[in-house]
Amino acid sequence: MARRRGGPVGRKAELATLVADRRTVGPTVVSGLPGSGKSALLDEVRRTLAESGAPVLSVSLHVERPEWDLFGFRSVLAAIREQYEQFETDSKLPESLERVSGSCTEAAYADPWSRFCLLHAMSTLFTRLETTAPVTVLLDDADRLPDPVLAVAPMHRAGHTVIASCRTPLPGRPDPFRGTQGRTIELGPLPPEEATALLRRAVGARITPAVEQAVRRALGPLWGHPAALLSTVTELRRGERLQVVDGLAHLRDAQAPIAVPDGHPFSEVLEGLGVIGERLVLLAAGSPGLALEEIPYLEDGDGTGKTAGRAADALIEAGLLDRDPDGRIRCRVPGIGAAMVHSGLHVRRLHRAVAEGMLGSGRVTGPHREPLARHIAAAGSAMPPRTDHVGLLRAAECALAADSPERTAHLHAIWRHTGRTADRAGRQTELFRHLVRTADYPALETFVQEALTEAPGADERAELAVAAVLSAVHLGRPVPENVRDRLVGDEATLEFADRWFAGRRIVPEDVELSLLPIWRQVSFAAPAPGRRRKLPDDELAEACAIRDLVPVFRTVLGRDYRTPSSGPVAAHHRMRTAHAEGRWEEALEAVNELEAHDSVDELVREHTRLLAAEVCGRINGARRAAGWLAKVPLNGSLPLLRAWVEMGAHQETEDDREAFESGWRALWTHFDSADEVGAARLFLRLARSARRDGDAVRHDEVVEAAEKWFARKGTSHSSELPALVRALVNGDETGASPTERVLVGLGRFPADVRTENGGGEAAGRRGGREPLSETEIGILDLVRDGRTNRQIARAVRISEKTVEKHLTRLFAKAGCRTRYGLATSSLGRRSDVIGA
């Protein structure tokens with residue numbers, strides 16, 4: 001049979017083909033994997049043809065069929081009776097229905113002559129089904145029939161069109177429609193844009209890029225497979241992993257794996273392989289994968305490994321597993337492994353079984369050392385502690401990427417297997433430092449709980465108090481009571497977390513007093529007291545004012561503190577950074593992520609909602625801007641920043657006079673406010689508005705108000721702002737660079753410069769050199785640590801190609817051509833680094 005093959009095509013194209021071209025020599029077969037959308041496509045064909053007035057008979061073979069009904073004629077008869085009113089029939093059709101119904105018996109099928117008569121009677125029935133036009137017969141799941149070719153023959157013989165759905169034959173199995181002269185339309189995966197559209201429809205809301213990326217990673221090659229995608233979304237809903245904020249869907253606990261439940265195309269082959277297949281997929285879905293020589297240990301007892309080997313071959317042939325160039329076996333659909341964990345399979349016990357199998361067989365030297373160490377580390381607490389594992393784990397750990405999850409598991413295992421020896425405190429310190437460097441605060445929280453059950457000494461307990469505070473603050477949940485009860489004597493450290501969750505202002509001195517003394521014993525890179533990392537004082541003051549802890553921690557704790565990627569602290573910092581660099585969609589995504597957190601204090605919520613309103617106003621989302629603004633109280637903590645946003649909204653509608661009046665009224669209404677961040681922005685916007693108006697009296701009023709407002713502050717920039725306001729109202733733009741510098745110091749906002757043609761300039765340059773973004777700072781630090789592009793991509797969570805693009809820009813900024821030149825350059829060491 002001629003097949004129409006090629007790359008994956010959209011369902012709309014296939015629908016158009018099926019509807020427009022129905023006159024074929026033989027049946028048209030819609031073929032695809034289970035869940036690829038065959039039934040949905042046939043249903044859409046039925047609806048489209050019915051709307052055009054064409055007669056359609058839709059037959060579903062999903063229903064139970066007697067085993068003896070080889071042609072499925074009972075289902076066909078039931079469909080004709082149910083849809084009888086749709087056809088212009090011959091008056092003898094009822095007689096034909098009765099004749100076929102009486103002949104469709106088990107005895108008739110058993111006799112060749114009676115079976116021939118049955119087929120002839122069905123042909124007669126179909127000649128009488130429609131007297132005005134040929135019928136399009138839709139046979140869903142025709143491959144359920146033992147011989148579908150004979151089933152469709154009477155329909156074709158009567159001159160009707162047959163479109164049948166059929167699963168793609170498994171390797172080694174025959175095509176059920178072989179030998180016919182029809183055509184087959186293969187349903188491949190949905191194109192990426194259609195898969196994304198299906199995901200959005202399934203979620204029922206707009207989705208963040210992070211949601212799409214997470215689902216795409218979990219599905220692997222099943223991305224674009226409709227049934228797998230829809231069942232995955234259903235599983236996310238069932239587990240309450242999806243949360244919609246302001247019409248945008250987010251993932252709760254974005255770091256947790258996403259499960260792909262049964263019903264995917266690999267379910268059948270997995271079911272046939274039983275527990276061995278599940279074990280193979282479970283280990284292959286982990287980050288290290290599975291080596292060929294480790295497969296025999298997945299069998300119970302003294303198995304030879306042949307069963308597991310055959311299972312691995314079957315899963316590779318089916319496409320669920322794959323071999324890396326290095327020979328390791330990996331699962332192509334990580335979400336299937338995650339579903340097995342959710343179903344109760346204990347992956348740690350499985351790693352323990354493999355490790356103990358290797359130990360029992362004596363495979364502990366040479367090339368076996370690294371795989372053995374990996375399984376011991378992955379077994380975690382399921383592996384009984386043994387001090388003789390420490391050397392093995394240490395040797396393997398030294399070869400791992402510095403910030404990799406595998407190294408985290410190895411360091412944790414080293415601490416666990418060290419036992420109550422003199423080295424235990426040092427192992428704890430090493431793991432603590434590593435978890436902060438990798439910003440893995442969920443793992444740090446878990447480790448604190450585990451370590452406190454081991455009756456640590458006073459010094460170890462002091463470290464754990466700092467670890468408990470850092471994990472609590474970054475994860476957005478107070479230190480648990482059971483942890484506090486075990487940290488008696490460390491109340492001064494815990495008080496930092498209490499201040500934070502009480503909504504009190506945090507300044508660098510708080511970190512220096514509460515956390516730095518212990519942290520300096522943990523991190524070799526921690527600055528001495530009073531010798532902070534280089535960061536402008538104005539930036540620190542502004543970060544403290546709006547409770548962004550990342551610049552504060554980075555300044556006080558040193559370079560071993562890395563910017564976190566998840567949690568409310570990370571989302572707030574990411575929002576400010578994205579807003580400062582004009583990345584509007586990313587800024588809004590971070591705000592929506594913050595909205596999904598329950599334990600965000602009101603000042604942070606107010607600040608980010610105001611920025612969200614300002615961003616929406618910039619990108620012509622007036623309704624959304626008003627929605628964000630409505631969430632902020634009129635007498636909140638940042639009334640002048642709110643006034644700046646409202647003034648900008650008026651300017652977007654080209655109403656400069658009303659913009660000035662609204663800002664001016666708000667200024668005097670809240671003149672006694674401590675909102676210095678908002679005041680700086682508002683005065684600069686008032687100054688530019690006054691300049692465009694050309695009113696000399698208004699010019700003087702704005703300058704006088706600025707001098708009066710900032711005279712009370714006594715900060716380093718309080719004398720600069722009035723001077724800048726005076727220059728701006730006089731039309732002096734020569735101070736543009738200083739203006740940008742102060743704006744960066746006061747709020748990390750893009751410059752609010754309105755040009756003659758109504759455009760805007762993004763924030764800025766300092767002294768002619770572009771400032772480094774947060775991503776560039778991270779990449780630069782990793783280059784100086786000697787990391788490869790692949791290691792950098794994993795650490796920063798971007799692609800290797802994106803790393804290369806950032807490096808190209810860094811080479812240009814540093815004026816060099818090599819990684820060595822970049823690492824030894826002055827780039828990012830002093831004023832180039834801008835904290836956010």
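What follows is a quick chat about the structure shown above.

Me: What kind of model is this?
Reply: This is a predicted model.

Me: How many helices and strands are there in the protein?
Reply: The protein has 40 helices and 11 strands.

Me: And how many residues, and what share counts as buried?
Reply: There are 836 residues, and 52% of them count as buried.

Me: What about the accessible surface?
Reply: The accessible surface of the protein is about 37,200 Å². Carbon and sulfur atoms hold 50% of that surface.

Me: What share of contacts joins residues 24 or more positions apart?
Reply: Take the contacts with a separation of 6 or more. Residues 24 or more positions apart account for 68% of them.

Me: Which residues sit on each side of β4?
Reply: Thr136, Leu138 and Asp140 are on one side. Val137 and Leu139 are on the other. Both faces are covered.

Me: Which strand do 5 bridges join to β4?
Reply: That is β3, residues 56-60. β3 and β4 run parallel. In one of these pairings, Ser58 has Leu138 of β4 as its bridge partner.

Me: And how does β4 pair with β5?
Reply: β4 and β5 (residues 161-167) pair in the parallel sense, over 4 bridges. The bridge partner of Val137 in β5 is Val162.

Me: New sheet. What is the strand order in the open sheet of 3 strands?
Reply: The order is β7-β9-β8, and the pairing is mixed. The edge strands are β7 (206-207) and β8 (242-245), and each pairs on one side only.

Me: How many bridges join β7 to β9?
Reply: There are 2 bridges between β7 and β9 (residues 248-251), and these strands run parallel. Ile207 has Ala249 as its bridge partner in β9.

Me: Which helix lies across β7 and β9?
Reply: Helix α9, residues 209-219, lies across both. α9 runs at about 50° to β9.

Me: On to helix packing. How do you describe two packed helices?
Reply: You give the angle between their axes and the distance between the axes.

Me: OK, at what angle do α11 and α14 pack?
Reply: Helix α11 (residues 267-284) and helix α14 (residues 347-361) pack at about 95°. Their axes are 10 Å apart. Angles from 65 to 115 degrees count as roughly perpendicular. Therefore α11 and α14 are roughly perpendicular to each other.

Me: Which residues make that contact between α11 and α14?
Reply: From α11, the contact uses Arg279, Leu282 and Leu283. From α14, it uses Val347, Leu350, His351 and Val354. By class, the contact of α11 with α14 has 5 nonpolar, 1 polar and 1 charged residues.

Me: What about α29 and α31: what is their angle?
Reply: Helix α29 (residues 602-618) and helix α31 (residues 639-652) pack at about 10°, with axes 10 Å apart. That makes α29 roughly parallel to α31.

Me: Which residues of α29 and α31 make the contact?
Reply: On α29 they are His607, Leu610, Leu611, Ala613, Glu614, Gly617 and Arg618. On α31 they are Leu641, Arg642, Trp644, Val645 and Glu652. The contact of α29 with α31 divides into 6 nonpolar, 2 polar and 4 charged residues.

Me: Back to single residues. Where is His375?
Reply: His375 lies in helix α15, residues 369-379. His375 is buried, with a relative accessible area of 1%.

Me: What is His375 in contact with, leaving aside neighbours within four places in sequence?
Reply: His375 is in contact with Leu283, Glu294, His351, Val354, Ala355 and Met358.

Me: How many residues along the chain separate His375 and Arg348?
Reply: They are 27 residues apart along the chain, and their C-alpha atoms are separated by 8.7 Å.

Me: Last topic. What is phi of Ala439?
Reply: Phi of Ala439 is near 55°, a positive value in a residue other than glycine. Ala439 lies in the loop between α18 (424-437) and α19 (441-452).

Me: Is Ala439 buried or exposed?
Reply: Ala439 is buried, with a relative accessible area of 12%.

Me: And Ala455, buried or exposed?
Reply: Ala455 is exposed, with a relative accessible area of 61%. Ala455 lies in the loop between α19 and α20 (458-475). Phi of Ala455 is near 50°, a positive value too.

Terms used: Residues are numbered from 1 along each chain as its sequence is written. This is a predicted model: local features need pLDDT of at least 70, side-chain atom pairs count only at pLDDT 80 or more; totals for chains, interfaces and linings use all residues. Side-chain values use heavy atoms; hydrogens and water are left out. Axes are lines fitted to C-alpha atoms, for helices over the stretch in contact, and angles run from 0 to 180 degrees between N-to-C directions. Angles under 35 degrees count as roughly parallel, over 145 as roughly antiparallel, 65 to 115 as roughly perpendicular and the rest as oblique. Contact means heavy atoms within 4.5 Å. Ala, Val, Leu, Ile, Met, Phe, Trp, Tyr, Cys and Pro count as nonpolar, Asp, Glu, Lys and Arg as charged, and the others, Gly among them, as polar. Buried means under 20% relative accessible area, exposed over 50%, partly exposed in between (1.4 Å probe, protein chains only). Accessible areas come from the Shrake-Rupley method with a 1.4 Å probe; for residues, only the protein chains shown count as cover. Two strands pair if DSSP finds at least two bridges between them.
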